[in-house]
Each structure stands twice: as C-alpha cells, then as structure tokens.
Amino acid sequence: MLVRAGAAAAAVTTTLSGLRRLWRGGGSGTAACFPLGRALLDVRGAEAALLLQGLLTNDVTRLVAGDASPAALPRALYAHALNVQGRCLYDLILYRLHESPEEEPHILLECDSGVLDAIQKHLKLYKIRRKVNITPCLDLSLWAVIPGERAGDIAGSLAKCADQALILTPDPRTEVMGWRLITKKGANLSEIIPGSHIGNIQDYHRHRYKQGIPEGVKDLPPGVALPLESNLAYMNGISFTKGCYIGQELTARTHHMGVIRKRLLPVHFSAPLPKDSIPEGAEILTESGKSAGKFRAGGGELGIALLRLANINDLLSLNIAGDKVKLTASIPEWWPKPTSK
C-alpha cells in the first residue's frame, strides 16, 4: 500500500517561510519541481527494516516502530551505507511506504542511479535468508520541490492529488532542500501543484552547492568520503545510539573524540569553472601553496569542497590546467550554531 500524500501535508507547511528566504531560483517565484533522475529501490518484507538496520548509519526502526501511530513516525530518513573501514559507499534517502504496524515493512531507497546495481548486490550480499524482496521501481518518478516567493499552499494542493502524488515529505537532510515528492511515472505536475513549473536541474544543483549539500557519487566518492567530514550528523543522517552497523567503529570513535578537522563546505569561484576539465579530487591550495583540501564537484561559479576548517578564511585557489582560480568558502546558514559556554 502506498502512502497518501495528504497524510504528510500538514507536516511540511512549517518549512515554507524559511525555505523561501533561502531559495532564489526559478524566476517566476512559483514552486520549482526538479526531476532528479535518481533511482528508487523497493525493499519489502517482514525483515526489511532488520536488514537495513545492520547496514545503514541511521536508525531504520524509526520508520517502522511497533505500535506507534503512523502520524508520529517520520516519512523519510537520510542515511549512508559504509564500508568496513567506515567510509561512505552510498548516500540514501529511505521512504516509508506502509501505513500501519499491521502491514509488512515496505521501504523505498533513493540512491544515485549510477550505483543502483551495486546497491542491489550489496543488499543481496547481506540478505542471506531474510524475508526481503529487493526490486527497482521503474514505474515511479522522484522530484525535488522547492518553493518560490509566490508558491502558494503547496501542501494543500498535494493533499488533493493523492492518486498521483504517492509520497510528499520534507527533505530529511535539512529544511533548505524543500520536499521530496514521489509520483507515478508520467504524472501531471501542474495538476499536483497548480502554478508550478518544471525547473532546470542545473538550478537544483546550484541550490545544493550554495547550501553545501552533497548528493551522489561525485560529491561523496565511494570508499573515499568519511561520513562525519561529509556533515552526516548535521543532516540528520546518523544515529549514535542504534547499535552496531557496518563501519560504525571508526565513525563512533571520531564522534566521541569530538575532533573533525575537515568538512564539506560550499565554495564560490571568482570565475565560472570550465566544464568537465577538473580532475577528480583536485587540490585546493592556500596562498603559500599548502594543501587546504580537495574539490569535489561544482558548476558555474559554485561548488562543494572538502576543506580544512583552519583554512576557511584563507585566500584559496584551485589549479586548473596551470591557471589558478580563486575561491572563497563559507559556513552554511542551516548548520547548527555553536553552543555558548
């Protein structure tokens, strides 16, 4: 049974004012709907949550908790799958697709489409004899919905179109990313969100980069990125109380030591970046030529980079084909504020 969009509509209205203040894309000022092109994987069965619980950083039982009312449970969770060394393999958003404790667990996994086959193999490797079915969802479409200044009552509109809008939920990472919307393939977005427009996917990525939100294998290279350096805790993607999962040991030790010297940060370049000519992991240097971090991904004058926090305010540059392109880094507004002592 698929989740009705109206059940989640009331929960998303609180994100609207703050998000409108931060979103400045889609010149019409209406809601922009971005077709993400990411893949969806259906994980269904009595032991679906149990399987995922041992593989992912977040507490999957929160999606399927016992006798709790469905209204009290989150619709979505953000999580990473790690390797045994504690490095990121896949960034995922999990969606709950069952309405009551009586129904068997039914979860959708959103992932980078380029690693869909790899994730299926990863899950099946650990499935063993668990009662779980794992299949791609080829009949569904995934959208990011980000409102403009004149977006109107998006939640109310979606509540009236539950036959086409199967899931509506706030993006679990941070409110500045708006909502995730899952529809049937070929659904009419103008009916689901009257007055909305289909946005340019490059605008969506620009918004992500501006807010420092990583997504997919370019931003989070498999086997390279570390979850806490990738701001997983800031994006509600990790539980430090759930118990064991693959890659937990290094992550827990780093968290309890409380020392994270590098983080993914939004960066702004002095000139637009050339397309597809920046080597993966290109070095970012200080004015004195010392390494300050590595470039991950970007477009135009915006990007995301793994930088030493000690170098945030330094004069930085990226060496591209012998030319130095200056850049500045910033702390996103949505990050938690340091507590005063």
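Is strand 11 (residues 262-269) mostly covered or mostly exposed, and how many of its eight residues are buried? Select strand 11: the strand is mostly covered, with six of its eight residues buried (under 20% relative accessible area, with a 1.4 Å probe and protein chains only). Strands here are DSSP runs of E, at least two residues long, and helices are runs of H or I of at least four, numbered from the N terminus.

The model is predicted, so local features need pLDDT of at least 70 and side-chain atom pairs pLDDT 80 or more, whereas totals for chains, interfaces and linings use all residues. Residues are numbered from 1 along each chain as its sequence is written, and side-chain values use heavy atoms, without hydrogens and water.

Strand 14 runs antiparallel to strand 11, and seven bridges join them (pairing requires at least two DSSP bridges). Here L264 faces L306 of strand 14. Then select strand 16 (residues 323-329), also antiparallel to strand 11 and joined to it by three bridges; F269 stands opposite L327 there.

Finally, display the largest pocket, with a volume of about 1,200 Å³ (an open set of points on a 1 Å grid where a 1.4 Å probe fits, with protein on both sides within 12 Å along at least five of seven lines; lining residues have an atom within 4 Å of a point). Of its 43 lining residues, Y209, K218, R296, A297 and G298 are closest to the centre.

Key:
Grid points are joined across faces, edges and corners, and a volume is the space filled by probe spheres set on the points. Buried means under 20% relative accessible area, exposed over 50%, partly exposed in between (1.4 Å probe, protein chains only).
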